[in-house]
Protein chains: 2
Amino acid sequence: MIHRSGTLTYSRFMAMAKRSTSAPLRHRTPSLEVTSSIVEAALAIIGSDGPDSVTVRRLATEAGVAPMSIYNHFGDMHGVFDAVFEYGFTELAEALRTSTTSSHPVLAIQEMGGAYRRFALENPDTYAVMFLRVVPGFEASDESFLAAAHSFEQLSTAVQRAIDTQHFLPGDAAIVAQEIWAACHGAVALEILDMCAFADPTETYSALLVSLLRGLLLNPAESAVLA
Amino acid sequence: MIHRSGTLTYSRFMAMAKRSTSAPLRHRTPSLEVTSSIVEAALAIIGSDGPDSVTVRRLATEAGVAPMSIYNHFGDMHGVFDAVFEYGFTELAEALRTSTTSSHPVLAIQEMGGAYRRFALENPDTYAVMFLRVVPGFEASDESFLAAAHSFEQLSTAVQRAIDTQHFLPGDAAIVAQEIWAACHGAVALEILDMCAFADPTETYSALLVSLLRGLLLNPAESAVLA
DNA sequence: ACAAACTATAGAACGATGATCCATAGAAGT
DNA sequence: ACTTCTATGGATCATCGTTCTATAGTTTGT
């Protein structure tokens, strides 16, 4: 019986070529590079073709690594996504940290909100790994949640400052920060999902920030400073 | 070589039993029931084991239907999820429509926000199909988006009323409704994803509604009526 | 310097998945 | 009653994550 062969892809060609060489000639990637090259390849695939396209075989090919190395270094595919998750939140924390140019506590939060959306729109698929359930069965590890918590702290301290300086109504900074985070996430998520059919996403986002911040102000009249 | 057999599940037992019967004895499900039974089975599986567990074979088994019927009726698996998507938004629209008991326009919106969260928490996995990207590659059809739009209209008309009665600041009702929707979705999404480590979700949600509505009020002092 | 422990390698293999094809036969419309 | 439609059940395909195997390159301890 003749097995019907599929299309001849480049990887198949390479596999056949390697098989035909008489000398074994295995190349071994240095141990320290393996982990980072796998994560970088994953980020590249996520960015170009989306998280669904990150398969063991393709990831190994694009990282220049054996499929088994993924299991050696990350346990399973979820481990790779966990690394992506953690990396994403590290980047997000950095983006939030460097976003505040204003000395005004409320304006600083507004700028932070802008940086949040910018990050999401620049890395929509990474954002989807972090905040949507695009990877079936994946749940972030405790260590990765620490990175997420670090992102949250950036906002939380800014909120605390706004409360301490009596710009915001007195209250629990954690709850207020969570309110702002939820609002920003919701707007960005709907935008990425393309569920803003009836309103311009950019306009909605800035309006939402202004509305929410106005509601949090001790003196709502102060909202005039919010551009 | 002895093939190591897996656990003997009920479906396996049934499959073996069927295979051993000599008479064909096919039963045919009436055409009209097939579609609904498939969707109902999908909803049942989603509710009990999550969207990932909805496979062609299991869905066919639990719906009492041949695997091919799924393709005959829905084209592919995405078609089934599209039906779930549409059904979910139909239910959501109904939940929002029947939620407003108050005659006060702003309180009505607040009640609607409560109904939104209640729906999401009662059907978290259906909500995930609607608002998270839990089904790889699935995108809702245009018809299903109409159902989603109908849900949005419930909120949009309530917002228009709050603007017309001069409770809210003057502005585009679509944008304001989108702001509220985004905030509610964001809070609920983070709660379902269990990313509210530092603040109680229930407290955060009601606080977010109050803060945002206060920011939207023509006279923020009126926010005292928001419980 | 040499031996042992570690781990990356290629490749086959397994079970489960979505999807397609097929001939048969029951249900529905004329 | 006859024709058309379509559900059935089973085989089949490619691809997926994962595991196993033997081999061999790298690192480390003595």
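Let's start at Ser99(B): this residue is buried, because 21 other C-beta atoms sit within 10 Å, and 20 or more is what counts as buried. Keep in mind that we're looking at a predicted model here. Ser99(B) belongs to the loop that links helix 5 (77–97) to helix 6 (105–122) of chain B. Once its neighbours within four places in sequence are set aside, its contacts are Glu111(B), Met112(B) and Ala115(B). Ile109(B), 10 residues away along the chain, has its C-alpha atom 9.2 Å from that of Ser99(B).

**How the two chains pair up**

Now zoom out to the pair. Rotate chain B by 180°, with 0.0 Å of shift along the axis, and it lands on chain A with an RMSD of 0.0 Å. That's the relation of a two-fold axis. Both copies use the same surface, too: 95% of the contact residues of chain B turn up again in chain A.

Each partner brings 38 residues to the contact, 38 from chain B and 38 from chain A. Which helices of chain B supply at least two residues each to the side that touches chain A? They are helix 7 (124–131), helix 8 (142–164), helix 9 (173–192) and helix 10 (201–216). Helix 9 of chain B gives the most, with 12 residues.

**Inside chain A**

Domain 1 puts 12 residues into the contact between them and domain 2 puts in 11 residues. On the domain 1 side, helix 2 (31–49) and helix 4 (67–74) of chain A are the elements that give two or more residues. Helix 2 has the largest share, at 6 residues.

| Domain 1 of chain A, touching domain 2 of chain A | 9 residues | 3 residues | no residues |

**The nonpolar core**

Finally, the core. The largest nonpolar core holds 129 residues, and those touching the most other members are Ile180(A), Ala183(A), Val159(B), Ile180(B) and Ala183(B). What does Ile180(A) contact, leaving aside its neighbours within four places in sequence? The partners are Ile109(A), Gly113(A), Leu155(A), Val159(A) and Leu212(A).

Terms used
Residues numbered from 1 in each chain as written. Chains lettered and ligands numbered in written order. Predicted model: local features only at pLDDT ≥ 70, side-chain atom pairs only at ≥ 80, totals over all residues. Least-squares fit on C-alpha atoms with pLDDT ≥ 70 in both. Contact = placed C-beta atoms within 7 Å. Core = buried A, V, L, I, M, F, W, Y, C linked by C-beta atoms within 7 Å. Buried ≥ 20, exposed ≤ 12 C-beta atoms within 10 Å, placed from the backbone. Helix = DSSP H or I, 4+ residues; strand = E, 2+ residues; numbered from the N terminus. Nonpolar A, V, L, I, M, F, W, Y, C, P; charged D, E, K, R; others polar.
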